[in-house]
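Subject: A structure to look at

Hello,

I am passing a structure on to you, and my notes on it follow below. Please have it open while you read.

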Amino acid sequence: MQSIRMVLNARVFFTMALVAMFALIVVFPTADQNISAQPNTVDICDRTPQIEEAISKATSQTNPPVCEDVTSDQVEPTSEISVGGDRMGS
């Protein structure tokens, strides 16, 4: 029985290695597709207690979130908050 000796061309080997890596990346993606994006929170915890409470109430009428859980999407529709009886600039 004779043995067969194969000599690999370096350029062919490198090309085949790149094709194999590309195929693995396409077939087996590394990131989980079910991960949802985290909402952007807004730091209102350092505000005065009255302002913090007013912002929390403005973001949700039924169940106001705690200051750490307020997101930018919740605050965006709010354009004005009145705290106390007087408005500034009136």
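This is a predicted model: local features need pLDDT of at least 70, side-chain atom pairs count only at pLDDT 80 or more; totals for chains, interfaces and linings use all residues.

In helix α2, the buried residues are Ala54, Ile55, Ser56 and Thr59. Here, buried means under 20% relative accessible area, exposed means over 50%, and partly exposed is in between (1.4 Å probe, protein chains only). These buried residues of α2 pack against α3 (72-75), where a contact means heavy atoms within 4.5 Å. On α2 you will also find glutamate 53, which is partly exposed because its relative accessible area is 45%.

Residues are numbered from 1 along each chain as its sequence is written, and side-chain values use heavy atoms, with hydrogens and water left out.

Now the chain as a whole. It has 3 helices and 0 strands, running α-α-α from the N terminus on. Helices (H or I, at least four residues) and strands (E, at least two) are DSSP runs, numbered from the N terminus. Of its 90 residues, 11% count as buried. Among contacts between residues at least 6 apart in sequence, 46% join residues at least 24 apart. The accessible surface is about 8,400 Å², and 57% of that belongs to carbon and sulfur atoms; such areas come from the Shrake-Rupley method with a 1.4 Å probe, and for residues only the protein chains shown count as cover.

What about patches on the surface? Phe22, Leu24, Val26, Val27 and Phe28 make a nonpolar one of about 560 Å². Patches are made of residues with over 30% relative accessible area and no salt bridge, joining like charges within 9 Å and nonpolar side chains (Val, Leu, Ile, Met, Phe, Trp, Tyr) within 5 Å. A salt bridge is a side-chain nitrogen of Lys or Arg within 4 Å of a carboxyl oxygen of Asp or Glu. Valine 27 lies in helix α1 and counts as exposed because its relative accessibility is 54%.

A negative patch is formed by Asp43, Asp46, Glu68 and Asp69. Of these, aspartate 43 sits in the loop between α1 (10-27) and α2 (49-59).

Best wishes

How values were computed
Lys and Arg count as positive and Asp and Glu as negative; His and the chain ends are not counted. The place of a charge is taken as NZ of Lys, CZ of Arg, CG of Asp or CD of Glu.
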